Amino acid sequence: MTLWFWIVVACVVGFLTKLLGYLVPKKWLANPRVARVAGTLTIGLLASLTVANTVATGQLLVLDARLGALVAAAVALWLKAPFLVVVIVGAAAAAGLRLLGLP
Amino acid sequence: MTTSLRQSPGARVGLSIAVATGLYGVSFGALSVASGLTVWQTQALSLLLFSGGSQFAFIGVIAGGGTPVAAASAAALLGIRNAVYGMQINVLLHPRGWRRLAAAQVTIDESLATSTGQTDPLEQRRGFWVAGIGIFVLWNVFTLVGSLAGDALGDPKRWGLDGAAVAAFLALLWPRLRSRDAGAIAAACALATILAVPFVPPGVPILVAAVVAAAVGWFGYRAGPDGEGLEPDIDPYPDTVQTDRTDPS
């Protein structure tokens with residue numbers, strides 16, 4: 001139930017954020033600093049989510065098959081593979097390394 | 001010169017970006033149920049939150065054992081860029097009444113990029129709506145396909161779905177790392193996350209990284225191109241170099 005509640009909160013906040021751009025005076029958001037923070041936040045959060053999903057297990061830092069998935073995904077991206085292919089490569093790398101006995 | 005919708009370059013690009021973006025809704029659906037959300041909760045995120053980065057952030061925090069509050073916070077912070085996009089679309093299209101509410105819901109990276117990539121106002125309008133509505137429909141259809149498939153898979157670790165999540169986040173980050181500055185911000189936030197993990201509850205390290213990123217954006221000197229971090233996940237115009245997407249002028 002709590003999860004449902006926060007899903008609804010996230011959705012409402014998400015929509016209001018989008019709508020905000022249509023409602024507030026242009027000069028507020030035209031401030032280059034606001035656009036810059038929106039950009040750095042996007043980069044920072046995605047970098048953090050990438051790393052957290054790779055090495056964090058609860059409050060422990062763990063090196064396991066997920067690190068292999070990260071490397072494999074990076075290679076696929078470097079080779080300009082499309083999004084879905086990159087995701088499949090990541091899954092295959094993690095599953096393959098576990099078959100070889102990695103945690 | 002007005003072209004018919006069939007020959008409209010804006011609509012054509014919008015349609016192709018809708019297919020490419022909609023398809024990767026499969027990965028969102030599958031990863032969402034693997035992280036513990038139900039099929040209905042997953043579908044609610046695609047219908048109502050409808051912003052790829054925010055949706056992946058929400059389930060990424062939950063998958064890591066974070067609280068729903070931390071998940072919603074991460075999603076909200078990643079959605080801030082949509083306010084900037086909304087302002088730009090408002091300047092271009094001036095939607096009124098119910099159209100404004102509809103436009104707000106489909107204001108995302110790809111619909112903005114499709115629209116601002118066109119020069120003719122009519123094509124900007126067509127590009128925005130075709131990309132926005134097209135992605136909305138396909139993203140939701142493929143989310144359902146992915147969540148039902150993910151539900152049927154069973155043990156997510158056996159299929160490497162935790163590795164798929166890592167790959168998805170890296171793929172979302174990748175197109176935004178075009179300058180040295182962007183790489184430095186990513187590295188700083190990655191380091192902040194690793195340092196924070198042992199000391200704070202799961203999910204919170206991501207918010208620590210958000211504070212670092214916001215501080216860099218607000219106070220830091222920045223020499224990179226405008227619109228850094230505001231690149232779409234999938235570029236509608238991959239063959240053209242665009243350095244100044246944030247200024248629609």
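Predicted model: local features only at pLDDT ≥ 70, side-chain atom pairs only at ≥ 80, totals over all residues.

In which crossing, left-handed or right-handed, does H1(B) pass H9(B)? The crossing of H1(B) past H9(B) is right-handed.

H1 covers residues 9-23 of chain B and H9 covers residues 121-153 of chain B; their axes come within 7 Å and cross at roughly 20°. Because angles under 35 degrees count as roughly parallel, H1(B) is roughly parallel to H9(B). On the side of H1(B), the contact includes Pro9(B), Gly10(B), Val13(B), Gly14(B) and Ile17(B). H9(B) contributes, among others, Gly127(B), Val130(B), Gly134(B), Leu138(B) and Trp139(B). Sorted by class, the residues in this contact are 15 nonpolar, seven polar and two charged.

I turn next to the two chains. Their contact involves 65 residues of chain A and 89 residues of chain B. On the chain B side, helix H10 (residues 161-173) supplies the largest share, with 13 residues. That side of chain B comprises 60 nonpolar, 21 polar and eight charged residues.

Finally, I come to H12(B). This helix spans residues 204-219, 16 residues in number, and reaches 23 Å from its first C-alpha to its last, close to the 22 Å expected. Its buried residues include Val204(B), Ile206(B), Leu207(B), Val212(B) and Val216(B). What do the buried residues of H12(B) pack against? Their partners are helix H3 (32-55) of chain A, together with H4, H5 and H11 of chain B.

Notes
Residues numbered from 1 in each chain as written. Chains lettered and ligands numbered in written order. Axes fitted to C-alpha atoms, helices over the stretch in contact; angles between N-to-C directions. Helix = DSSP H or I, 4+ residues; strand = E, 2+ residues; numbered from the N terminus. Parallel < 35°, antiparallel > 145°, perpendicular 65-115°, else oblique. Left-handed = near helix turned anticlockwise from the far one by under 90°. Contact = placed C-beta atoms within 7 Å. Nonpolar A, V, L, I, M, F, W, Y, C, P; charged D, E, K, R; others polar. Expected span 1.5 Å × (residues − 1). Buried ≥ 20, exposed ≤ 12 C-beta atoms within 10 Å, placed from the backbone.
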